[in-house]
Amino acid sequence: MTKTEIKNDVVILFAGDSGDGIQLTGTQFTNTAALYGNDISTFPNFPAEIRAPQGTLAGVSGFQLHFGSVEILTPGDASDVLVVMNAAGLKANLSQLKEGGIIVANSEGFDAKNLGLAKYPEGVNPLQNGSLDKYKVHSIDITKLTRSCLAGSGLSTKEMDRSRNMFVLGLVYWMYNRSMDSTIEYLKEQFKKRPELVEANVKAMKAGYHFGDTIEAPMTRYEVKAAVQERGSYRNIMGNQATAIGLVAAAKKMGLQLFYATYPITPASDILHELSKHKNFGVKTFQAEDEIAAITSAIGASFGGNLGVTASSGPGIALKGEAIGLALMLELPLVIINVQRGGPSTGLPTKTEQADLLQALYGRNGEAPVAVVAASTPSDCFHMVYEACRIAVEHMTPVFFLSDGYIANGAEPWKFPLAAELKDIHVNFAKNTLQPGEKYRPYKRDDKLVREWAIPGTKGLEHRVGGIEKENETGNISYEPENHELMVKLRQSKIDKIADYIPLQEIDSGPESGKLLVLGWGSTYGSIKTAAKEARLDGWDVAHAHLQYLNPFPKNLGAILLKYDRILIPEMNNGQLIKVIRDKYFIDAMGFNKIKGVPFTTAELKKKMTELSVKIRP
Amino acid sequence: MEATKLTPKDFVTDQDVRWCPGCGDYSILKQVQTVMPELGLERENIVFISGIGCSSRFPYYMDTYGMHSIHGRATAVASGLKATRPELSVWIVTGDGDSMSIGGNHLIHLLRRNFDVNILLFNNEIYGLTKGQYSPTSPVGKVAKSTPMGSIDYPFNPLALCLGASSTFLARTMDRDPVHLREILKRGNTHKGTSLLEIYQNCNVFNDGAFEVFTEKSTKKAEALFVQQDKPLIFGANGEKGIKLDGLKPVVVDLNADGVSPDELWIHDEKDKTKATILINFFDDPAKEGHFPRPFGVLYEEMRFCYEDALALQMAEAIALKGEGDLDKLLKGNNAWTIN
């Protein structure tokens, strides 16, 4: 007899070969859980190679998803359920499974060949040697079951095996008592032109679902109720998708054409894929010949009065450095997206890191300040890239938008706004108001120190811009010593003044003043928030503030930092924000750094917060 | 509104021109300013974009919209501008180092995409602004600041490179023949697609006389072959020499001695890619015996779709298929749910 347990939250990790359709399985479960009303956070983890040698540890693709009836802010430190398609998937992920957790294993993936590829000693099969006794193991020959349910479908064995992930998905749907409807809809859409594949996949999924009812060693079913969420309309969204939609929204709101120029690079390419579908919004995407052409063509588009945007990851941003300097000399709007990954050099292309902050702030020749903002969560990518566009256009400057591999590929439910609710963005193209005989001065500034955007086609405002130092106001070439110093300071002051046009920093959670403030930025938001909450539940005095604006900082940041005895700055790098905070505010902040290509766990952050709290207790 | 009648003076800026006295750039600037009023363009719709180098100061002296960008990237900047503002007349000014060394990649990709822009490639076979290093078009053996024992870099033949990159318009002209230069500038402007104009330009400081066999009266007629559509290839001090095709092999003939009539000569056809390939490879060292004259004029032209037009078509097609983008629909996505 199957019993049903009620749980507040569950972490499932799907793992298998990168060709096993693991990401699809995970995404489908995510969407279904989101539609059901669970709060969710997901984290896909895939190898750098598209099809690494089958069955090897290097080829393991994972998708972790955390859903619950309570607030979920991270994909979870450890999993409750591990679904593995082969031996390598088990070996690579077993350490992340909670004690007593459930393993669903495709036994066919544990034959001698797969065990060898996963580097188990000869004759050792973890499914049979008792080494997994502390877990609940369900060893199922998913390959055989899938093939037998598809017998007579006319599909080749290879094609049938491609539906194994749907069998697994069906079984997991059964475990959590979920409807298969949204996946069936998805399959119909996806294989519109191959009805036989729709049928096979649906059949395999249903077979997996019904297998749950008939399984000999009974499995427990779980009930995870819908979360109590704020009233409103929600959708599930991934970071890169949110970034793309944010750009479209900003351009539409400004009434400008979006020109998105980029060169393919992990993990930023999905933004290009998404944007290329939205030509009916006036979005022009341009796959340039290299990173430099990507940014310089975006500068050309901005010069022409469009919203020029370029995107890359660290290595590509390094190549764009000179052109960013050009854009700031030209004082044209430009949004530069960096979906950060592990560095330096090629580094860890598919892993996450936030080690390009100093590159964004300082990585150019000369005195070259630009605005920098960063997203905290997948859905925050929408808001912060929108802000990047606003600042770029309203302040005539390049703006960096920092995301990273973790939130770019991670997903969460998003209470999406209506178009009408989005902040207005003011675009003022220069008009010819010159008196007869008066010459146009392209570098004349307003009280924000911002110059006009005078675009080709505007009669009478013909002018030249360039990367050579220019005379104040006229924009003519000038090598005068006094003028250069003045221009360097003006460009700096222009960026500093942006602080008057961004929101003040808020304390995300915890007391407004006290013992310990944890100051974060970027994708560490969810784990810091969860850890701080847990630390407070233990009685510690811990507050959390999260920076979205990194240059300039919100005006009140210095004052906030003085309200706490200690400041802890956790970062997925070797200490970057902390350098800037120490430099700017002369505060002896403490760093907590993780440089492993994976996000902080809640547990390690909580431990650090607790240790520090013990030390600063009077 | 009636088009304003412009004069060359309207294209002169108030900036002092800072090229070395005697530089070939002066002549090119003058001819461009002379031709501009004849092109039927409004000044505000013209944009000059350059990279870095002596030639790249050009935009500062043209009273149009302009950008002096960074080394090698003018072609890429222009691509973004043209993709988004196809109605503008975009002119790229670049040199041999700017376009074929640091900017080589952008040049070839611009050519294959065939944006409707004009490239004025000032070739002086030397790096001038950095004070005299050899360039990607300097001949082997060139003694320059960085090659005291002579260059061992085999040079590019710019037009052959560009033809290889699927260029749709290739022409060669020179700073010291203003009439020819103006004619080629107008042809370049008329061509729909990327027009690549290689302009031989004398750097009198670091590479004086690099092209003098083509530009000086005493040798010009014998060394420079001015091609014209549907006309036989004839050159020589007194027009006594011609070129005929023996199969695919060009042969120089003496019209007086060899008894060849002009009808038997190679008739120039700008649309013939095979002939253009042969013509463009008349690039041997003029000092050698049995060499060919260097061709000037429009060597090749083909009609091919422009990137910006294809992009505009796709945009229109997307709207026809899906309707104008509805932001609220996009924000909502396909799987939204509501909590009441």
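Two residues are in contact here if their C-beta atoms, placed from the backbone, lie within 7 Å. By that test, Ile142(A), Thr143(A), Leu145(A) and Thr146(A) of helix α4(A) meet Arg164(A), Phe167(A) and Val168(A) of helix α6(A). The model is predicted.

**Helix packing in chain A**

Two helix pairs involve α6(A), which covers residues 164-175. By class, their contact has 4 nonpolar, 2 polar and 1 charged residues.

The second pair joins α6(A) to α1(A), residues 22-36 of chain A. These two helices pack at an angle of about 30°. Because angles under 35 degrees count as roughly parallel, α1(A) is roughly parallel to α6(A). Their crossing is right-handed. On the α1(A) side the contact is made by Ile22(A), Leu24(A), Thr25(A), Gln28(A) and Phe29(A). Asn165(A), Val168(A), Leu169(A) and Val172(A) contribute from α6(A). This contact has 6 nonpolar residues, 3 polar and no charged.

| Helix pair | Axis angle | Axis distance |
|---|---|---|
| α1(A) and α6(A) | about 30° | 10 Å |

An open sheet of 6 strands runs in the order β3-β4-β2-β5-β6-β7 in chain A. Its pairing is mixed. The edge strands are β3 (39-45) and β7 (136-140), each pairing on one side only. From one strand to the next, the twist averages 15°.

Within this sheet, β2 (residues 9-17) and β5 (residues 79-84) of chain A pair in the parallel sense. The pairing extends over 4 bridges. Ala15(A) has Val84(A) of β5(A) as its bridge partner.

**Chain B overall**

Chain B has 340 residues, of which 46% are buried. There are 11 helices and 12 strands in chain B. Its C-alpha atoms fill a box of roughly 95 × 50 × 45 Å along the principal axes. Among contacts in chain B between residues at least 6 apart in sequence, 65% join residues at least 24 apart.

Note on methods:
Residues are numbered from 1 along each chain as its sequence is written. Chains are lettered from A and ligands numbered from 1 in the order in which they are written. This is a predicted model: local features need pLDDT of at least 70, side-chain atom pairs count only at pLDDT 80 or more; totals for chains, interfaces and linings use all residues. Two strands pair if DSSP finds at least two bridges between them. Axes are lines fitted to C-alpha atoms, for helices over the stretch in contact, and angles run from 0 to 180 degrees between N-to-C directions. Angles under 35 degrees count as roughly parallel, over 145 as roughly antiparallel, 65 to 115 as roughly perpendicular and the rest as oblique. A crossing is left-handed if the near helix is turned anticlockwise from the far one by less than a right angle, and right-handed if clockwise. Ala, Val, Leu, Ile, Met, Phe, Trp, Tyr, Cys and Pro count as nonpolar, Asp, Glu, Lys and Arg as charged, and the others, Gly among them, as polar. A residue is buried if 20 or more other C-beta atoms lie within 10 Å of its own, exposed if 12 or fewer, and partly exposed in between; C-beta atoms are placed from the backbone.
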